[in-house]
Amino acid sequence: SDDTTGGSEIVMSYDEANGLGAFTDTSVLIYGQIDHRALDSSLGQAGLVGDPNIRVRRSWDPQDPDSTLGLAATKSLLGEFAYRVGATDAITVDPTWQAKYIPATRELYSGVGVRAQCNVVVRADLQAALTDVANAGLGGLIDLANTNTYGGCFGPRFNRISGNLGFLSRHSWGQPIDMNTLQNCQGCVPKMNCTIVRIFRSHNFAWGGNFLFPDGMHFEWTGRKTDQLAYPSRYCPNPVLPTTESIAVPAPRSTFFDVGSDVWVAPGDG
């Protein structure tokens, strides 16, 4: 079921997968009654723990603030469309779906000045996030010329893995927004202000900086607020304050973020 597999829609034999060009296992799902310690011991013995190119998720792990929606959930919330793959892996989507969910052109988001063509379901949360970024005095950290030209939301394309096998980018739904693309190449150490990251988490977006293949430009709508989830993120972890039953008092100045330094940069960048 989709609940078990996270939204996968087809299961096939290895021979059938090889016929499509899927010659390498890219993920494994283990389910059933599992001895947690025995599983972790086996993973460690197989060298699957500690490798930066391998990510192990456990159902008993804390909830990751930057986890994204499964494909089934995305289709349920943002609509499902038919599509045709072009020669360069750009896709053409069903015009009826596109007219319902995607604005005809880039729209202006007030406060910061971002212009983007985003799914109408995402629009209110994106405006709220950008308004908070502006109110925090951080609007200048968004490279508008770059974001409004090379960034944005809607960019339908087929991400080909091998042969005829691949998957649709979530940009095909106008679900994520990319910003500051020049400073945040895919696979590089992300360079994004962490206060901006946490603002977006508070308005139902996951950040791509903590993906297995880092994508620091990428903020993907999930419909869930995650800025208070305690999780050992590699970059921009949430500073979750302990809960008490006492009357709230102003926090000491030292607990506030230093806007000038609260950004992840590559070694040597200062």
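Trp 97 is buried, at a relative accessible area of 4%, where buried means under 20%, exposed over 50% and partly exposed in between (1.4 Å probe, protein chains only). The model is predicted, so local features need pLDDT of at least 70 and side-chain atom pairs count only at pLDDT 80 or more, while totals for chains, interfaces and linings use all residues. Residues are numbered from 1 along each chain as its sequence is written, and side-chain values use heavy atoms, with hydrogens and water left out.

The structure holds six aromatic pairs; rings of Phe, Tyr and Trp (its six-membered ring) pair if their centres lie within 6.5 Å, and planes under 30 degrees apart count as stacked, over 60 as edge-to-face and the rest as tilted. Helices (H or I, at least four residues) and strands (E, at least two) are DSSP runs, numbered from the N terminus. Phe 81 also counts as buried, at 10% relative accessibility. Ring pairs join Phe 81, Tyr 83, Trp 97, Tyr 101 and Trp 173 into a cluster.

Turning to the strands, S5 (residues 158-162) and S6 (residues 165-168) pair in the antiparallel sense over four bridges; pairing requires that DSSP finds at least two bridges between two strands. Arg 160 has Gly 166 in S6 as its bridge partner. Two residues separate S5 and S6 in this hairpin, and Gly 163 in the turn has a positive phi of about 55°.
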